[in-house]
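Reader: Please take one part of this model and look at it closely. I would like the aromatic packing and what surrounds it.

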Amino acid sequence: MKKYLISIISIILIVSLAACSSSSSSSSKSEEFPTKPVKLVIPYPPGGGTDVLFRLVAQYAEKHLGQTIVPTNMAGATSTVGSRFVKDAEPDGYTILGTHQVVATAEHTGVVDYGFSAFDPVVLMTSTPHIPSISKKFSEEHNIKTMNDFIEYVKAGNKVNWAYTVASEDHYSIAAMLDAAGVDPKSLNYIHYDGTGPQYAAILANQADGMIADYASGKGYYDDGTLVPLGMVFDERNPFLPDVPTLKEQGIDFSVTVDRGILAPKGTDPDRIQVINDAFKKALEDPELQKKIEELGSFPHYMTSDEYSNHVNELDSEMGKLAPKMEF
């Protein structure tokens, strides 16, 4: 009888262990990530600096992620069509947002009722200096070559048609640099275009006199002379535009970069966030990718999710201070 009971107990233990093993295996399998392509929502039209850089880095990051990263343009409403789509998406790591400071400016200027706090920061990817620029025609007609020339022209009460995207980071930049130069940010005649691509088109069609550009998307226009760069909004000159002085060299104490990074829907599993962060970190360590990013006038700027979270909080605070002075 005793031998029989021992046999029964042994069988029960074996079955229980097998069940636990199966359950553990099933649980592990369900937690594997990613097991399918990840959608990277870019809330701008194709061709702008944000689109160009995210598509480039995604090609390298997906090699380390083990799944395809699918860049998907969702333009509209100052990038909020795309950001809202991601905000409301399932927080499973398979839908992420490629964006920058526009998340904060859109909130502070009342375009939407949510900001960075509605997302989980994943990774900071690059930083890109802004370049206030004007059309060749406008430059030649009014003999404007630098930001100081431009400031004097505006101070004299002259009309300037300025292409911008309401509540975007380029909106913030032009307002901030005018404010730093002692000029009312509302002095320009602002014309709204939904994204950088349409702004370039407006310059080419002489519908606008100037815009905030960047080397990532504007290289061709600088090369052929279509755009005249007035200054580099950075602490040092761009090696690809070495003759363009910084704003600080021109006596305007303002410097900012467009900080592009990845956000995920609020509540995304931290482990999945880490997986994505690791893939982008490894990509940004690749010398070949670093060179390509720099050739686009940007700089690799990796941050952990925690560091990026602190960074966006600081950006949010600074933009909140300027918002009351901005034209809408």
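Author: Phenylalanine 138 counts as buried, at 4% relative accessibility. Buried means under 20% relative accessible area, exposed over 50%, and partly exposed in between, with a 1.4 Å probe and protein chains only. This is a predicted model: local features need pLDDT of at least 70, side-chain atom pairs count only at pLDDT 80 or more, and totals for chains, interfaces and linings use all residues. Residues are numbered from 1 along each chain as its sequence is written, and side-chain values use heavy atoms, leaving out hydrogens and water.

The search of the whole structure finds nine aromatic pairs. Rings of Phe, Tyr and Trp (its six-membered ring) pair if their centres lie within 6.5 Å; planes under 30 degrees apart count as stacked, over 60 as edge-to-face and the rest as tilted. Phenylalanine 138 and tyrosine 153 form an edge-to-face pair, 5.5 Å centre to centre, with 90 degrees between the planes. Phenylalanine 138 lies in helix H5 and tyrosine 153 in helix H6, so the pair ties together parts that are 15 residues apart in sequence. Helices (H or I, at least four residues) and strands (E, at least two) are DSSP runs, numbered from the N terminus. Tyrosine 153 is buried too, at 14% relative accessibility.

Now H6 itself. Helix H6 covers residues 147-155, and its buried residues are Met147, Phe150, Ile151, Tyr153 and Val154. Seen down the axis of H6, they fall within an arc of 160 degrees, so they line one face of the helix. That arc is taken over the directions from the helix axis to the C-beta atoms. The buried residues of H6 pack against strand E5 (131-135), helix H5 (136-142), strand E6 (161-164) and helix H7 (169-180). Just after H6, glycine 157 takes a positive phi of about 90 degrees.

Take leucine 188: leaving aside neighbours within four places in sequence, leucine 188 is in contact (heavy atoms within 4.5 Å) with Phe150, Val154, Val160, Trp162, Ile174 and Leu178.
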